[in-house]
Amino acid sequence: MTEAARTTFTPRVFSGIQPTNHLQLGNYLGAVKRFVEMQNSGIETIYCIVDLHAMTTWQDPADLRTATRELAASYIAAGLDPKRSILFNQSQVPGHAELGWIFNCVARMGWMNRMTQWKDKAGKDAEKASLGLLAYPSLMAADILLYHATRVPVGEDQKQHVELTRDIAAKFNHDYGVDFFPMTEPVIDGAATRVMSLRDGSRKMSKSDPSDASRINLTDDADTIAQKFRKARTDAEPLPESVGGLKDRPEARNLVNIYAALADVTVEAVVAQFAGKGFGTFKPALADLAVARIAPIASEMQRLMADPAEIDRLLGDGAERANAIAAPILARTKEIVGLVASRRR
Ligand code: AQP
């Protein structure tokens, strides 16, 4: 058995969200709500606001600052406790960018070119996309591996990036003959791992979709939420008697999944409750449930945003704690690859 094969890694959770625009319901159900559940599972949890990722597409500097603080407020308002979890913004821990560079030299161009998100976001105009957008997945690998994180809660759309993180870790370990980086597991579970647009059941709900009607923002008021669900695209059939009846009905399935995730029940339970009922009954019930879940988060968020200096203080404190974990892992990585470190500290 090699030295590498004997390595065991302490369970540790890491995940992050980009501070671009307001959080939408998919971010909440696919990510933040599950971050909170994992915080309460007894494993160390590290949650990041990945501001360097946001920069891969143009951000107005003032908007980026506001979105960063707003995302921190959303995390806390949704139940993340800055004492129990480590909460910080990525750019305050320089190791992300440094390890990201090292991984740029490990990852292959072909891997990056195959990423679905790159193809979607760069579109037909890839020549004009930033180099950062292409390299995004190796920075994401660095975010995770800088902490030797073993588990990453994400929505379905990020699965490919976590798989690439494993590829980068495996190639690094192989190329340098070590077993230094863990094989991180994506954690994709629950009823809402892929919340779809309210206007198009084939597209995921996204905070940068040009149509505001396509998503529920965590900042939407009760009337706006009700109106968006009322106008959500659906078919004319009532809800089916069994889950199998949702198979070729993407819009109906999406709304049922959202209801199940918000109510913390199974999709089967929602179908049993609303079998045979039309959307005229289901949509208002869904809107009421969404308002009941989201409104307290939105109002707590507003309260926290009234004191940006306190948010900055919490992020700074989180960054210190994150850096304390990251620094020895980065130092050892540099040693492994042959970078000389002789500067006095
Ligand atoms: N529709 C979704 N359903 C379930 N989970 C989702 N996530 C995003 N959209 C959905 C999850 O939210 C986390 C943070 O995502 P991100 O902001 O880092 O990037 P993203 O996946 O690109 O999210 P958006 O909303 O689409 O942002 P923009 O428009 O800025 O690109 C991830 O765990 C993601 O899976």
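This is a predicted model: local features need pLDDT of at least 70, side-chain atom pairs count only at pLDDT 80 or more; totals for chains, interfaces and linings use all residues.
User: OK, ligand. Which residues come nearest to it?
Analyst: K121, D157, S206, K207 and S208 come nearest, out of 22 residues around the ligand. A residue is near a molecule if one of its heavy atoms lies within 4 Å of it.

User: What classes are in that shell around the ligand?
Analyst: The shell has 11 polar, 6 nonpolar and 5 charged residues. Ala, Val, Leu, Ile, Met, Phe, Trp, Tyr, Cys and Pro count as nonpolar, Asp, Glu, Lys and Arg as charged, and the others, Gly among them, as polar.

User: Which helix gives the most to the shell?
Analyst: Helix 1, residues 25–39, gives the most, with 4 residues. Helices are DSSP runs of H or I with at least four residues, strands are runs of E with at least two, and both are numbered from the N terminus.

User: What does Q24 do with the ligand?
Analyst: A polar side-chain atom of Q24 lies 2.8 Å from an oxygen atom of the ligand. For N27, an N or O atom in the side chain is 3.1 Å from a ligand oxygen. Q18 comes in through its backbone, with a polar atom 3.3 Å from an oxygen atom of the ligand. A polar contact here is a pair of N or O atoms within 3.5 Å; within protein, one must be able to donate a hydrogen and the other to accept it, and residues adjacent in sequence count only if both atoms are side-chain atoms.

User: How much of the ligand does the protein cover?
Analyst: The protein covers 97% of the 640 Å² of accessible area that the ligand has on its own. Those areas come from the Shrake-Rupley method with a 1.4 Å probe; for residues, only the protein chains shown count as cover.

User: Different topic. Where is R249, and is it buried or exposed?
Analyst: R249 lies in the loop between helix 9 (222–230) and helix 10 (250–263). R249 counts as buried because its relative accessibility is 11%. The cut-offs are under 20% relative accessible area for buried, over 50% for exposed and partly exposed in between, with a 1.4 Å probe and protein chains only.

User: And what does its side chain reach?
Analyst: The side chain of R249 reaches the backbone oxygen of P238 at 3.0 Å.

User: What about N217?
Analyst: N217 is in the loop between strand 5 (185–187) and helix 9. N217 is buried too, at 5% relative accessibility, and a polar contact of 3.0 Å joins its side chain to that of R215.

User: Which helix holds E310, and what does its side chain touch?
Analyst: E310 is in helix 13, residues 308–337. The side chains of E310 and R313 are joined by a polar contact of 3.0 Å. E310 counts as partly exposed because its relative accessible area is 31%.

User: Now backbone angles. What is the phi of N21?
Analyst: N21 has a positive phi of about 65° although it is not a glycine. Most residues other than glycine have a negative phi. N21 sits in the loop between strand 1 (12–17) and helix 1, and at 45% relative accessibility N21 is partly exposed.

User: And what is the phi of D264?
Analyst: D264 is not a glycine either, and its phi is positive at about 60°. D264 lies in the loop between helix 10 and helix 11 (267–274). At 54% relative accessibility, D264 counts as exposed.

User: Last one: where is V267, and how far is it from A341?
Analyst: V267 is in helix 11 and counts as buried, at 15% relative accessibility. V267 and A341 are 74 residues apart in sequence and 55 Å apart in space, C-alpha to C-alpha.

Terms used: Residues are numbered from 1 along each chain as its sequence is written. Side-chain values use heavy atoms; hydrogens and water are left out.
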